[in-house]
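Open the model in your viewer and keep a selection panel at hand. The stops below go from the whole chain to single side-chain pairs.

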Amino acid sequence: MISPASSLMSQSPLLQQQYRYKSLTKTKRRQRDKMKERERRVAAGLPAKPKPPKYIPKDLPVINALTRQDRDAESVSFDVSSAVEMKEKINTQNEQEDTLRFGFDGLVMSDRVRKLLDLKNGSQKEVVTSQKRRGMELFQLREGDTGSSAVQVVALTTRIQQLQTHMAKHKKDKSSKRGLDALYVRRRKVLDYMERKDFESYRKVVKSLGLAR
């Protein structure tokens with residue numbers, strides 16, 4: 001016995017099409033829509049698949065705005081200007097008063113007290129902290145800057161040098177070795193970010209610290 005719904009579907013092609021559409025899964029519907037889109041593009045004289053955004057053909061010639069000699073000359077001039085700027089900052093630091101312990105810089109005191117608070121009488125930790133602060137001041141974008149990428153690289157390099165000195169004496173300190181490797185990774189990530197975002201600062205930091213990149 002044939003039901004009224006089946007007899008109605010056999011008579012109406014629209015109902016048959018709707019029934020077939022409902023029986024398809026989501027994946028098959030998506031594939032069918034893709035095939036229809038490709039057929040439409042081919043009928044319009046277009047490629048079956050559209051090009052991805054920002055597509056660059058392989059045979060497109062690459063045109064450099066500057067020749068190799070001009071780029072080398074620009075690099076040399078940038079290195080010279082960076083070296084001059086760094087020397088000026090170092091000279092400005094040297095002209096300032098000597099760094100005292102416990103943050104007593106800029107206070108009026110007698111020579112005996114100043115000699116007592118001189119950094120030469122400080123511990124190794126105080127000396128390293130002072131060197132780190134003076135190195136960070138050379139690359140600060142503003143006064144009190146401690147978070148810019150160049151300053152982070154200087155801080156990480158100071159800590160790496162401190163751990164390298166420690167590892168030269170204690171070669172079996174595996175915990176410090178793991179920490180040193182982690183600092184290498186952190187510094188490399190910051191340098192990679194600087195290379196992408198601020199190449200001039202990246203070159204200046206690498207040249208000044210003598211890093212192998």
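The tour of this predicted model starts with the fold and then moves to charged side chains.

Colour the chain by secondary structure. There are 9 helices and 0 strands. Switch to a surface view: the accessible area is about 17200 Å², with 55% of that area on carbon and sulfur atoms. Of the 213 residues, 20% count as buried. Among contacts with a separation of 6 or more, 40% join residues 24 or more positions apart.

Next, select Arg30, Lys34, Arg38 and Lys49, which form a patch of positive charge on the surface. Arg38 sits in helix α3, residues 26-43, and is partly exposed at 32% relative accessibility.

Stay in helix α3 and show Glu37 and Arg40, which are 3 residues apart, about one helical turn. Their side chains form a salt bridge of 2.5 Å, N to O. Arg40 is partly exposed at 47% relative accessibility, as is Glu37 at 35%. The salt bridges number 9.

Now select Glu85 and Lys204, whose side chains meet at 3.4 Å, N to O, in a salt bridge. Glu85 belongs to helix α4 (residues 68-95) and Lys204 to helix α9 (residues 199-209), so the pair ties together parts 119 residues apart in sequence. Both are partly exposed: Glu85 at 32%, Lys204 at 22%.

Then show Asp79, Arg203 and Lys207, which are linked in a network of salt bridges.

Finish at helix α6 (residues 124-138), where Arg133 and Glu137 are 4 residues apart, about one helical turn. The closest N and O atoms of their salt bridge are 2.9 Å apart.

Conventions: Residues numbered from 1 in each chain as written. Predicted model: local features only at pLDDT ≥ 70, side-chain atom pairs only at ≥ 80, totals over all residues. Heavy atoms only, no water. Helix = DSSP H or I, 4+ residues; strand = E, 2+ residues; numbered from the N terminus. Buried < 20%, exposed > 50% of the residue type's maximum accessible area, 1.4 Å probe, protein only. Contact = heavy atoms within 4.5 Å. Areas by Shrake-Rupley, 256 points an atom, 1.4 Å probe, with all protein chains shown as cover. Patch = residues over 30% accessible without salt bridge, like charges linked within 9 Å, V, L, I, M, F, W, Y side chains within 5 Å. Salt bridge = Lys/Arg side-chain N within 4 Å of Asp/Glu carboxyl O. Lys, Arg positive; Asp, Glu negative; His and termini not counted. Charge placed at Lys NZ, Arg CZ, Asp CG, Glu CD.
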